[in-house]
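Biologist: I'm new to this one. Could you walk me through it, one question at a time?

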Amino acid sequence: MAAFEYKAMTQTGQMKKGLMEGDSERQVRQMLREQNLTPVELKSIEQKKNASKNVAAQSFFAPKIQTADLALATRQLFTLLDAGTPLTQALQSISQQAESKLMRRFLANLHTRVSEGYSLAHALEKSNYRVGQDFIATIRAGEESGHLDKVLSRLADAIEQRDQLNKKMKTALIYPILMVVVAVIIVFFLMVYVVPKVVGVFDNMNQTLPPLTQGLLTVSEFIQAQWGWILIAVIAAFVGFKLMMRQPAWRYRVHQLMMRTPGVKRFVIYSATARWSRTVGVLLSSGVTATDALKISAEVMSLDPMKQAVEKMVAQVREGKRISVTMQQAGFFPPLLLNLVQTGESGGELDNMMLKGAVHYEQAVENAAGTLVSILEPMLIIVMGGVVLTIVLAIMMPIFEMNQMVG
């Protein structure tokens, strides 16, 4: 069966949109007529994907399923399977309930492929939508072990926790970013509109301006004359940085610098460690082998030095080394996680210890984010206060000199 998107007109003349499955377009049209709907437009989801093959077929440009949407769909699928609902019926049900058009297409595509005999993991791989390899591997492990519902429960918890952590990190950084943006706008306004008008009064009086005032006026005139080029330079620098970050060697150096910068160091390392340990914990508890779990977990590493170290760990573990030993040789994993992994390997509870480590470092990330913001806020206030003080002094100094001359 294939999934079709339709537009049909009701008997009252209203337009209705939706998804319907059928063996052919002709059958779907007949099913719509049986519901007293007049088909206006009918398109196969697969045909729409093939029409946009140059975009969607490439993984880089393929639509990405948002973490929050994926977490909700996974939780709903677990609930239905736990209640005894067949997989195909569960997928059809949640696809009909999905709020976004993207999720409806994604879930309908999965339902179609599963109905054709594909496993859920295989359907996810064949889908032209981007989901993490760790997600697919966990689903595959659950299907092979016969405990897909239990695996989905753990997977939903992991995705929801990751989504909450991302939201908290973004929330913590909103205030500093907002302060910088507002400060830049205020300084630009002062330099372009306020300073020239105030200083122009003294120019008409043929008064020699202090060096600070003259320098500020020069900067103001330059901004007014070249603001277009300045804007282009800023945009070019931003785009150039983005392009350079796609180069592995450059990205590696930037990430390495972030991992060595005080204040930022703890934040980025703890964040990557929390996500990595939770991914490995979920994969191991789902029945994935240690080497495969490490290989898949390398894909979720956001820092290139840590990603390359995990990839080396895969080869070392395959040769017979303990995971705790390879982690210690990597040199950047926090001591507490190393102790937890050693305990887990000794007691046969490595998956549980990894998950405990993830919980600890997710909380540590929140604390590190708060510390980073508490450092940034006074620094930004001091810097912007210094800039505003300089502008005020440049404006007030001619006034002071004029008062002295009159006195």
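Biologist: Of the contacts in the protein chain with a separation of 6 or more, what share comes from residues 24 or more positions apart?
Modeller: Happy to start there, and please keep in mind that this is a predicted model. A contact here means heavy atoms within 4.5 Å. Counting those contacts with a separation of 6 or more, the share from residues 24 or more positions apart is 60%.

Biologist: Is the protein chain more spread out or less spread out than a compact globule?
Modeller: The chain has 17 helices and 3 strands. Its radius of gyration is 29 Å, while the globule rule gives 22 Å for 407 residues. Its C-alpha atoms fill a box of roughly 95 × 70 × 35 Å along the principal axes. Because that radius is well over the rule's value, the chain is more spread out.

Biologist: What percentage of the residues of the protein chain count as buried?
Modeller: To count as buried, a residue needs a relative accessible area under 20%. Among the 407 residues of the protein chain, the buried share is 38%.

Biologist: How do helix α13 and helix α14 run, roughly parallel or roughly antiparallel?
Modeller: Helix α13 spans residues 290–297 and helix α14 spans residues 304–318. Their axes come within 8 Å and cross at roughly 170 degrees. Angles over 145 degrees count as roughly antiparallel, so α13 is, relative to α14, roughly antiparallel.

Biologist: Which residues in α14 does α13 meet?
Modeller: On the α13 side, the residues are T291, L294, K295 and S297. The residues of this contact divide into 5 nonpolar, 2 polar and 2 charged. On the α14 side, the partners are V310, M313, V314, V317 and R318.

Biologist: Which residues touch the most other members of the largest nonpolar core?
Modeller: This core has 44 residues. Elements giving two or more residues to it include α12 (264–285), α13, α14 and α15 (323–330). One of its members, F333, touches T273, W276, M301, V310, M313, M327 and L338, leaving out residues up to four places away in sequence. The residues touching the most other members are F267, W276, M313, I323, M327 and F333.

Biologist: How many residues are in the second, separate core?
Modeller: Among its members are A90, L124, I159 and V282. The number of residues in this second core is 31.

Biologist: Is S220 buried or exposed?
Modeller: S220 lies in helix α10, residues 211–244. Leaving aside neighbours within four places in sequence, S220 is in contact with M191, V192, V195 and P196. Its relative accessible area is 0%, so S220 is buried.

Definitions and conventions:
Residues numbered from 1 in each chain as written. Predicted model: local features only at pLDDT ≥ 70, side-chain atom pairs only at ≥ 80, totals over all residues. Heavy atoms only, no water. Axes fitted to C-alpha atoms, helices over the stretch in contact; angles between N-to-C directions. Helix = DSSP H or I, 4+ residues; strand = E, 2+ residues; numbered from the N terminus. Parallel < 35°, antiparallel > 145°, perpendicular 65-115°, else oblique. Nonpolar A, V, L, I, M, F, W, Y, C, P; charged D, E, K, R; others polar. Core = buried A, V, L, I, M, F, W, Y, C linked by side-chain atoms within 4.5 Å. Buried < 20%, exposed > 50% of the residue type's maximum accessible area, 1.4 Å probe, protein only. Rg over C-alpha atoms; globule rule 2.2 N^0.38 Å.
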